[in-house]
Amino acid sequence: MLARTGALGDLDRLTHQLAHAAAADAVIPADAWRDDEAFYVQFDLPGMDRSSIDLTVERGTLTLTAERRSPVPAGAKAVLIERPTGRFTRRLTLSDALDSESAEAAYDNGVLTLRLPLAPHAKPRKIAISGSTPRQLTA
């Protein structure tokens with residue numbers, strides 16, 4: 001059995017209460033990067049079942065929702081609860097330089113990886129250089 005007593009135990013309980021009060025506003029941690037072909041985002045979703053994860057794009061906003069259920073069985077008495085449970089949401093505004101129609105997502109070991117290809121107009125491209133002066137437009 002776990003027991004927390006004394007001032008440190010009281011401090012632990014206060015910290016626990018504050019953490020659970022803030023859990024409703026908890027942000028899903030993410031990393032993002034891009035290369036010449038796509039934009040990538042990885043979200044940490046430890047302990048969340050794949051079936052509880054929902055990923056949508058609407059009007060340029062990516063919305064991720066996921067739920068972590070309590071591991072404590074019905075009728076059991078919880079002794080220690082430190083991991084937040086419930087429904088979590090994260091929203092990101094996407095650039096119009098991304099092709100959200102071709103997005104791909106994979107979930108592995110508690111990490112959701114999203115790949116959004118760059119739209120053709122946003123991809124880097126080379127400009128050919130000729131040996132003469134470019135034509136000027138006449139007004």
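A residue counts as partly exposed when its relative accessible area falls between the buried limit of under 20% and the exposed limit of over 50%. Glu67, at 26% relative accessibility, is therefore partly exposed. The model discussed here is a predicted one.

The chain holds one helix and seven strands, and reading from the N terminus the elements go α-β-β-β-β-β-β-β. Of its 139 residues, 21% are buried. Among contacts with a separation of 6 or more, 50% are between residues 24 or more positions apart.

Four of the strands make up an open sheet in the order 1-2-7-6, and the pairing is antiparallel. Strand 1 (30-34) and strand 6 (104-108) sit at the edges, each with pairing on one side only. From one strand to the next, the twist averages 15°. Inside that order, strand 2 (residues 38-44) meets strand 7 (residues 111-117) in the antiparallel sense, and seven bridges join the two.

As for the rings, a search of the whole structure turns up one aromatic pair. It consists of Trp33 and Tyr40, whose ring centres are 5.5 Å apart; their planes meet at 15°, so the pair is stacked. The cut-off behind that label is an angle under 30 degrees.

Now back to Glu67. Side chains of opposite charge can pair when their charged atoms come close. Here the count of salt bridges comes to one, and it links Arg87 with Glu67, with 3.7 Å between the closest N and O atoms. Arg87 belongs to strand 5 (residues 86-93) and Glu67 to strand 4 (residues 61-68), so the bridge ties together parts that are 20 residues apart in sequence.

Strand 4 also carries Thr63. With a relative accessible area of 16%, Thr63 is buried. Setting aside neighbours within four places in sequence, Thr63 has contacts with Asp54, Leu55 and Thr56, and also with Thr89, Arg90 and Arg91.

The largest nonpolar core has 17 residues, and the members that touch the most others are Phe43, Leu45, Ile53, Leu64 and Leu112. At least two residues of this core come from each of strand 2, strand 4 and strand 7. Ile53 shows what such a spot looks like: ignoring residues up to four places away in sequence, Ile53 touches Leu45, Leu64 and Leu112, along with Thr65, Ala66 and Tyr107.

Finally, a couple of loop residues have backbone angles worth a look. Arg59 is not a glycine, yet its phi is positive, near 50°. This residue is in the loop between strand 3 (54-58) and strand 4, and a relative accessible area of 82% makes Arg59 exposed. Asn109, again not a glycine, has a positive phi of about 50°. Asn109 is placed in the loop between strand 6 and strand 7 and, at 73% relative accessibility, counts as exposed.

Definitions and conventions
Residues numbered from 1 in each chain as written. Predicted model: local features only at pLDDT ≥ 70, side-chain atom pairs only at ≥ 80, totals over all residues. Heavy atoms only, no water. Pairing = 2+ DSSP bridges. Axes fitted to C-alpha atoms, helices over the stretch in contact; angles between N-to-C directions. Phe/Tyr/Trp six-rings, centres within 6.5 Å; stacked < 30°, edge-to-face > 60°. Salt bridge = Lys/Arg side-chain N within 4 Å of Asp/Glu carboxyl O. Buried < 20%, exposed > 50% of the residue type's maximum accessible area, 1.4 Å probe, protein only. Core = buried A, V, L, I, M, F, W, Y, C linked by side-chain atoms within 4.5 Å. Contact = heavy atoms within 4.5 Å.
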